[in-house]
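These are my notebook entries on a structure that I had not examined before. I set down what I looked up, entry by entry.

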Amino acid sequence: MIFTRGARITGAVLCAALAVVTAAWIVRDLMETDRPVDLWWFWAGQGDVRAAAPPVTSLLDPVLLAVYAIVAGTVMRSAVAASALFATGVLTFAVRLPGLWVLGSSWMDGRASDELRTRALLCAFGVLAVAVALIVTALAGRGVPDSAYGLTPTRPAQGVAVTAFLLLGAAAGIWAAWEVYWGQRLGLDAYLDRVTGESVLMPLLGTPPGWLNAAIVLLCLAAAVGALFGTPFSRPLGMVASALLVGVGGAALATALRYEQLDRFAELTTVEQLSLASLLFGLGAGALALFALARRGEEDMPGAGPYGPAWGQPEPERYGQGGSGGFGPPPPSSPPPGW
């Protein structure tokens, strides 16, 4: 099965629309802040959420903007376009869903004007609708190849799959362990507030920390298991999960450098040391997994297993280079005798 041209165009337009909306909110915050670096430190958790007019975006917004722009720019020629659109839709739906109850809740009163909250709520509904449309497009846009040159989905190579499984699986385990820790430390009621966002100081378009960490765990775990079994969807899903890890870890690294936490690491409490080490591991694991999964995948072969031709079966010949596995147009037919 291939991903049809019409579905590719639809997916590119939907991703471009999401990118425009996200960029518009970021530009709004840039215009409200004195310096762009102030907005960055706000995203990194070093800004004053109690300020009279705090920014409404969070660290997720630049990460999402990068994902939307890359997917929109590559979906027309990507072999895993359907999986990329599906992963983008799932990510968007997961991180924007809490906005439906957070933006209209009583505990958000006074943090932003009613007009701004109404605009944000309408955008939340629109973004979620586009996310659902992306998922539907990814599932319904498949078709039978109409030529020998149709792009069929590719799997991660064996080494890439093992690397992604180890890195993303470890990140999922670490993030899940931290949520267990916070659940035991805060108690059930306070932890539920951490998940739903009730009484949590966060930006207007932010995602509750417990909800966001749960989304990171599920995305990393799904991508790790998919990579282990060599599924085509594991590449874009793993890249999306890696982008989240890089964003969160990058902000932690910037904060650690600003306050010289690495130089006085021994002076930090045990919880602070473990938290910083976890975030820096997420940054490194996400960057390595992102680099590995960005490499071109392997095509399925007739009679192939998850990582290549089945044992004892030769690779089928490709046009242009006989049995060497190369690509190219079919060779011209031999001229008739006496030509």
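**Entry 1: Helix 4 and helix 10**

I began with the crossing of helix 4 and helix 10, which is right-handed. A crossing is called left-handed if the near helix is turned anticlockwise from the far one by less than a right angle, and right-handed if clockwise. I noted that the contact involves Ser83, Ala84, Ala87 and Leu91 of helix 4, together with Pro236, Leu237, Val240 and Leu244 of helix 10. Contact here means heavy atoms within 4.5 Å. I sorted the residues of this contact by class and found 7 nonpolar, 1 polar and no charged. In this scheme Ala, Val, Leu, Ile, Met, Phe, Trp, Tyr, Cys and Pro count as nonpolar, Asp, Glu, Lys and Arg as charged, and the others, Gly among them, as polar.

I then looked up the geometry: helix 4 (residues 81-96) and helix 10 pack at an angle of about 40°, and their axes are 8 Å apart. That angle makes helix 4 oblique to helix 10. Axes are lines fitted to C-alpha atoms, for helices over the stretch in contact, and angles run from 0 to 180 degrees between N-to-C directions. Angles under 35 degrees count as roughly parallel, over 145 as roughly antiparallel, 65 to 115 as roughly perpendicular and the rest as oblique.

**Entry 2: Basis of the model and overall figures**

I recorded that the model is predicted, that local features need pLDDT of at least 70, that side-chain atom pairs count only at pLDDT 80 or more, and that totals for chains, interfaces and linings use all residues. Residues are numbered from 1 along each chain as its sequence is written, and side-chain values use heavy atoms, with hydrogens and water left out.

The secondary structure comprises 11 helices and 6 strands. Helices (H or I, at least four residues) and strands (E, at least two) are DSSP runs, numbered from the N terminus. I found that 42% of the 339 residues count as buried. Buried means under 20% relative accessible area, exposed over 50%, and partly exposed in between (1.4 Å probe, protein chains only). Of contacts between residues at least 6 apart in sequence, 75% join residues at least 24 apart.

**Entry 3: Helix 3 and helix 10**

I returned to helix 10 to look up another partner. Helix 3 (residues 60-74) packs with helix 10 at an angle of about 145°, their axes being 10 Å apart. The crossing of helix 3 past helix 10 is right-handed. From helix 3, Leu60, Val63 and Val67 take part, and from helix 10, Val240, Ala243, Leu244 and Gly247.

Ala79 is partly exposed, at a relative accessible area of 24%. Its C-alpha atom is 9.7 Å from that of Arg155, 76 residues apart along the chain.

**Entry 4: Ser242**

Beyond its neighbours within four places in sequence, Ser242 is in contact with Leu168, Gly286, Ala289 and Leu290. The C-alpha atoms of Ser242 and Leu168 are separated by 7.7 Å, although the two residues are 74 apart along the chain.

**Entry 5: Helix 7 and helix 11**

I next examined helix 7 (residues 158-186) and helix 11 (residues 270-293), whose axes come within 9 Å and cross at roughly 155°. The two helices are therefore roughly antiparallel to each other. Helix 7 passes helix 11 in a left-handed crossing. By class, their contact has 19 nonpolar, 3 polar and no charged residues.

In the loop between helix 10 (234-258) and helix 11 I located Glu260. Glu260 has a positive phi of about 55°, although it is not a glycine.

**Entry 6: Arg194**

Last, I looked up Arg194, which lies in helix 8 (residues 188-196). Arg194 counts as buried at 14% relative accessibility. Not counting residues up to four places away in sequence, Arg194 touches Glu179, Trp182, Leu186, Val200, Pro208, Pro209, Gly210, Trp211 and Asn213.
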